[in-house]
Amino acid sequence: MEKPVTLILGVGQTVGEAIALRCLEAGHAVVAVDPDEEQLAQISKAAGDKIEIHHGDIHTKMGLKNALCLCLEGHSRIDNVISIPPLPEPDTLLNSEQNSDGDVDKSIKSAINTLRIIGESMAERDGDVDTAGDKKRQAGTFTFVLSAASLGSQKGFFSEGVAQKAIRNIVQTASVELALHHIRVNAVTALRPRAEIREPWLAKRTPIGRASTGEEIAETVLFLTSPASNIITGETITLDGGRQNLSGIDDDV
């Protein structure tokens, strides 16, 4: 059986590394693309030559087409795309003009172009008659790794909230159209360790008392790439330790 080919677009701070290592452990061929050479060097150091890294843009049509070509030339296909959109800098509604005109638009267009450009390639593989009667059949998966801002809002992070919520809506809408081609689109929303460091009070706003780990995010992402989750599409799996269900500060944490 051929290895699943997984493309990671944007490696983030630590989450991309955890996802790459877990996918490698599960037997995937992993290709990681990011415009930040320093972050690519970090993930390469952790994974060695087992992972293919490429320094390139992940926001433009040209950059995404280059990432697609890289996978097609080396592996003839892409089975899974894991996108970790960069987070806009902190801002407020009244001083967000620069971010709103740049980072937010970039995030939205990047998500749509990722689904359109790579989804088209996946859809071309959907005519495989040998798997036509297979209930576990999938031509490909997309998983977007989002911050807690995709579900709720926090003062001082206006552009992040707008961009992340927009991508979550794109996931829901695209999943309906791409389901016809046996392509699944989902998201993982996580209260990440970086958020806990940035805002120490978050522990008291989380029933479990901590943020999610990179390993927990990676395990969830891996599940969403697997045929075992074949019935799941258009969903957002939330890893926030019960935070969204809490009405206030938990003094017992």
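Let me start with the largest cavity, whose lining is made up of Leu-9, Ile-58, His-59, Ser-83, Pro-85, Pro-86, Ser-107, Ser-110, Ala-111, Thr-114 and Phe-144. What I am showing is a predicted model, in which local features need pLDDT of at least 70 and side-chain atom pairs count only at pLDDT 80 or more, while totals for chains, interfaces and linings use all residues. Residues are numbered from 1 along each chain as its sequence is written, and side-chain values use heavy atoms, with hydrogens and water left out.

By a cavity I mean a set of points, on a 1 Å grid over the protein atoms alone, where a 1.4 Å probe fits but cannot get out, and lining residues have an atom within 4 Å of a point. The structure holds one cavity of 30 Å³ or more, and the volume of the largest cavity is about 80 Å³, where a volume is the space filled by probe spheres set on grid points that are joined across faces, edges and corners. Its lining has six nonpolar, five polar and no charged residues; here Ala, Val, Leu, Ile, Met, Phe, Trp, Tyr, Cys and Pro count as nonpolar, Asp, Glu, Lys and Arg as charged, and the others, Gly among them, as polar. Helix 4 gives the most to that lining, with four residues.

Along the sequence they follow the pattern β-α-β-α-β-α-β-α-β-α-β-α-α-β. Of the 253 residues, 49% are buried, which means under 20% relative accessible area, whereas exposed means over 50% and partly exposed in between, with a 1.4 Å probe and protein chains only. Among contacts (heavy atoms within 4.5 Å) between residues at least 6 apart in sequence, 72% join residues at least 24 apart.

Next, helix 7. This helix covers residues 214-225, and its twelve residues reach 17 Å from first C-alpha to last, close to the 16 Å expected at 1.5 Å a residue, the expected span being 1.5 Å times one less than the number of residues. Its buried residues are Gly-214, Ile-217, Ala-218, Thr-220, Val-221, Leu-222, Leu-224 and Thr-225, and they pack against helix 1 (15-25), strand 4, strand 5 (140-147), strand 6 (183-190) and strand 7 (236-239). Taking one of them, Thr-220 has a relative accessible area of 13% and is therefore buried; leaving aside neighbours within four places in sequence, Thr-220 is in contact with Val-188, Ile-237 and Leu-239.

Finally, some loop residues. Most residues other than glycine have a negative phi. Ser-76, in the loop between helix 3 (61-75) and strand 4, has a positive phi, near 70°, and counts as exposed because its relative accessibility is 54%. His-182, in the loop between helix 5 (158-178) and strand 6, also has a positive phi, near 60°, but counts as partly exposed, at 30% relative accessibility. Glu-89 lies in the loop between strand 4 (80-83) and helix 4 (97-124) and is exposed, with a relative accessible area of 54%. The C-alpha atoms of Glu-89 and Gly-156 are separated by 9.6 Å, although the two residues are 67 apart along the chain.

Key. Helices (H or I, at least four residues) and strands (E, at least two) are DSSP runs, numbered from the N terminus. On a 1 Å grid over the protein atoms alone, a cavity is a set of points where a 1.4 Å probe fits but cannot get out, and a pocket is an open set with protein on both sides within 12 Å along at least five of seven lines; lining residues have an atom within 4 Å of a point.
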